[in-house]
Amino acid sequence: MQFNTYIFILLFLPISLIGYWVTAKINKTANKIWLILTSAIFYVYAGWKLALILGASIVVNYIFAIVLSKFRRNLDYSLKLLVKSVIKYLIEKFNATKSL
């Protein structure tokens, strides 16, 4: 589903917005659940592979959030850990592509 198609503009977007406004009056948790469900529907409609990528991204981000929250008292250590992990990943990717 693309943003400029009739199915998005005339069907998906109005249903999503109406559901958002209705669930906002109920409570914020229902509102968040509605947004997650409509996002999932949007990605699944585009293709199940994109939904898998979205799900994997959510899991990885959640794991990073848990790791960073454990080191919340020592923010410098958390930032160093994140930067080192990213740099290590980029170096490994660069070396892998360089050897091809």
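Guide: Helix α2 of this predicted model comprises 19 residues, and the distance from its first C-alpha to its last is 27 Å, close to the 27 Å expected at 1.5 Å a residue.

Visitor: Which residues of α2 are buried?

Guide: The buried residues of α2 are N31, T38 and F42. They span an arc of only 40 degrees around the axis, which places them on the same side of α2.

Visitor: Let us turn to the aromatic residues. How many aromatic pairs does the structure hold?

Guide: A pair of aromatic rings is described by the distance of the centres and the angle of the planes. The structure contains 4 aromatic pairs. In one of them, the ring centres of F8 and F42 are 6.0 Å apart and the planes stand at 70 degrees; an angle over 60 degrees counts as edge-to-face, so this pair is edge-to-face.

Visitor: Which parts of the chain does the pair of F8 and F42 tie together?

Guide: F8 belongs to helix α1 (residues 6-26) and F42 to helix α2 (residues 28-46), so the pair ties together parts that are 34 residues apart in sequence.

Visitor: Are F8 and F42 buried or exposed?

Guide: F8 has a relative accessibility of 9% and therefore counts as buried. F42 has a relative accessible area of 15% and is likewise buried.

Visitor: Which residues form the aromatic cluster?

Guide: One aromatic cluster is formed by F8, F12, F42 and Y43.

Visitor: How far is the C-alpha atom of F42 from that of L90?

Guide: F42 and L90 are 48 residues apart along the chain, and their C-alpha atoms are separated by 31 Å.

How values were computed:
Residues are numbered from 1 along each chain as its sequence is written. This is a predicted model: local features need pLDDT of at least 70, side-chain atom pairs count only at pLDDT 80 or more; totals for chains, interfaces and linings use all residues. Side-chain values use heavy atoms; hydrogens and water are left out. Rings of Phe, Tyr and Trp (its six-membered ring) pair if their centres lie within 6.5 Å; planes under 30 degrees apart count as stacked, over 60 as edge-to-face and the rest as tilted. Helices (H or I, at least four residues) and strands (E, at least two) are DSSP runs, numbered from the N terminus. Buried means under 20% relative accessible area, exposed over 50%, partly exposed in between (1.4 Å probe, protein chains only). The expected span of a helix is 1.5 Å times one less than its number of residues. The arc is that of the directions from the helix axis to the C-beta atoms.
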